[in-house]
Amino acid sequence: MTITNMNPPSPGKAFRFCRSKCHKNFKMKRNPRKLKWTKAYRKNAGKEMVVDSTLQFAARRNVPVRYNRELWQKTLKAMERISEIRARRERVFYKKRMAGKRAREVAAARKLVAENEHLLPRLRGSEKRRLAELAAERGVDVEELEREELAKLASKKKSKAFGGEVRRVRVRTDGGVEEITESFGGKNVDEEMDDDDHDDSDRDDDDMDTD
């Protein structure tokens, strides 16, 4: 959004918008300095360059100049050079602005862990001593072994959403072996189909006996 002045427009003043989104927000009388996606907000928050000599060249000058071919060619070359300089300075500005971000994120993460340490899984004293002895024998860091042990405990605690499963082997009358899968939380589709088949076969056997 390029409009920064939200005062009532003077008579005969024309506004130009880059897209309809800016036009709609302008008609809703929203302050561009409070919208995070506008240029005015980014400049006000120090996220973009505001004071730089390359920005002055982009200012519009209503000064009539007589046409001159050499001046025209020099102007085009200067525009390309100025854009390169501005891009390089913007990269430097971004690097300076983002310097120390990783350290701040790590500090915030450590603070969060320190405040909610009681929610993290813990090892018993005997387990810690056993891991310390094992690390001394292998020459490995104790913290790595503790992480692996905690990961194993977390994986063991994970349970399926529909309960567990039990597989059983049943020997049929014809000598074949049949494997059955039973679930605690409910029956599987294959098991239900097998039950239906068994029910149908039992009904057929009953019909044959009556005949």
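## Ground rules

The model is predicted, so local features need pLDDT of at least 70 and side-chain atom pairs count only at pLDDT 80 or more, while totals for chains, interfaces and linings use all residues. Residues are numbered from 1 along each chain as its sequence is written, and side-chain values use heavy atoms, with hydrogens and water left out.

## Helix α4 and its ends

Let's start with α4, which covers residues 69-98. (Helices here are DSSP runs of H or I with at least four residues, strands are E runs of at least two, and both are numbered from the N terminus.) Its 30 residues reach 44 Å from first C-alpha to last, close to the 44 Å expected at 1.5 Å a residue; the expected span is 1.5 Å times one less than the number of residues.

Just after α4 comes glycine 100, with a positive phi of about 85°.

## Threonine 54, tucked into α3

Look for threonine 54 in helix α3 (residues 53-56). Its relative accessibility is 4%, so threonine 54 counts as buried (buried is under 20%, exposed over 50%, partly exposed in between, using a 1.4 Å probe and protein chains only). Setting aside neighbours within four places in sequence, threonine 54 is in contact with Ile82, Ile85, Arg86 and Arg89, where contact means heavy atoms within 4.5 Å.

## Lysine 29, out in a loop

Lysine 29 sits in the loop between α1 (20-27) and α2 (39-44). It isn't a glycine, yet lysine 29 has a positive phi of about 60°. At 73% relative accessibility, lysine 29 counts as exposed.
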